Amino acid sequence: MFGMRRPLRRALSLGLPTAWGATAVVYKLTCPLAQQDGLGARLVTSVVFFVVGTGLVQHVRRTLLRELKQARRVAGAAQRVLLRPLPPRVEGLDVAAAQLSADRGASVGGDLYEVIATEHGVRVVMGDVRGHGLPALGTVAALLGSFREAVHDEPDLDGVLRRLERALARHLRERHREEHPASGRTPDTPVAEEFVTVLLLEIDAEGGVRALNCGHPWPYLLRGTEVGPLARADPLPPLGPFPLPPELPATHCGRLRGGEFLVLYTDGAEDVRDTRGRFFPLAQTLTKAVHDHPVSPEQILRTVVNALLRHTAGRPTDDVAILVLGGERARRPTGGARGTARSATTRPRPTTRP
């Protein structure tokens, strides 16, 4: 039945404009009234052509709206497949995440995040691809696919990061060949302007945190009522423009204890401005969040998103992704599990206050 509807819709989309146009032509050529030069005859002819033109415009409008809705459904489905809803708890860590798009009604962006429990510990990635739309979505797919495999295969974070670098290079080379098939060769640096900021975290069973940072903002650590950066080490350059150095020592960031939280975010969360040009005060908002009780990743996320939407009047000027994790570590990782199926990922809309 569905296969029969599509040809019918196509026939109607072509047949209706043709019928409207044929009606106007037949009227002009065959109707005696259309051949007269009187004022009344001209008024009638004008009305006929106005009705025909209005019908054509309305038909085109409905067709475009239908295609736009379909495109948004496809984009939303693709985004949900890539950024799968995170479980509410991963090996004793409570998790909550949200993403806001700068393009109203859009669901395709360049932000990426994932949390996976492995035999090496809970591993987390937060990244920001330069650009928006389908090219950025392809890069997100390449990096997340590589990360989801590498975290189980690589015993150390540097191995995971190098896998991400190779996946990005392959993706950019393939995209260059598709966009420039006449070039006949694969360049060493296919798209020099392309880059991705990436933050990798590893949290072991005792709460020890190690990190590798390629040009990404350091997370905030919420400890009691104190809010500060997880680390202050200089990050590596973003992936893409420059090769990784031969040695990649991970930054040791202390321990994540019970009742403490990490807030990972893309730079849009601090760079977004209000109508007066003021940056969003993320650190101050987090300080307010830890004074509200009970403190949980969901509550912290809700406080930040509500404040961010108020700051931007519901229209952020940049894509924003926020990931909050923490809580009590009650058990050791069992390895390989991603968590329970119930989703903790929320995608708040400007018209809905979480």
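These notebook entries record what I looked up in a predicted model.

**Basis.** Because the model is predicted, local features need pLDDT of at least 70 and side-chain atom pairs count only at pLDDT 80 or more, while totals for chains, interfaces and linings use all residues.

**Sheet.** I took helices (H or I, at least four residues) and strands (E, at least two) as DSSP runs, numbered from the N terminus. I found an open sheet of five strands in the order 3-4-5-6-9, with antiparallel pairing; two strands pair if DSSP finds at least two bridges between them. Strand 3 (111-118) and strand 9 (251-255) are the edge strands, each pairing on one side only. I then looked at strand 6 (residues 208-214), which pairs with strand 9 in the antiparallel sense over three bridges. Ala-211 stands opposite Thr-251 in strand 9.

**Glu-202.** I located Glu-202 in strand 5 (residues 196-203). Is Glu-202 buried or exposed? Glu-202 counts as buried, at 6% relative accessibility; buried means under 20% relative accessible area, exposed over 50%, and partly exposed in between (1.4 Å probe, protein chains only). I noted two partners for polar contacts (N or O atoms within 3.5 Å; within protein, one must be able to donate a hydrogen and the other to accept it, and residues adjacent in sequence count only if both atoms are side-chain atoms). The Glu-202 side chain meets that of Arg-123 at 2.7 Å and that of Arg-210 at 2.6 Å. Leaving aside residues up to four places away in sequence, Glu-202 touches residues including His-120, Pro-155 and Leu-157, where contact means heavy atoms within 4.5 Å.

**Arg-163.** I found Arg-163 in helix 5 (residues 157-179). Arg-163 is buried, with a relative accessible area of 17%. Beyond four places in sequence, the residues that Arg-163 touches include Glu-149, Asp-153 and Glu-154.

**Aromatic pair.** I searched for rings of Phe, Tyr and Trp (its six-membered ring) with centres within 6.5 Å, calling planes under 30 degrees apart stacked, over 60 edge-to-face and the rest tilted. The count is one aromatic pair. Tyr-220 and Tyr-265 are stacked, at 5.7 Å centre to centre and 15 degrees between the planes. Tyr-220 lies in strand 7 (residues 220-223) and Tyr-265 in strand 10 (residues 261-265), so the pair ties together parts 45 residues apart in sequence. Both Tyr-220 and Tyr-265 are buried.

**Cysteines.** I recorded zero disulfides, a disulfide being a pair of cysteine sulfur atoms within 2.5 Å. Cys-214 is buried at 0% relative accessible area, and Cys-253 counts as buried at 12%.

Definitions and conventions:
Residues are numbered from 1 along each chain as its sequence is written. Side-chain values use heavy atoms; hydrogens and water are left out.
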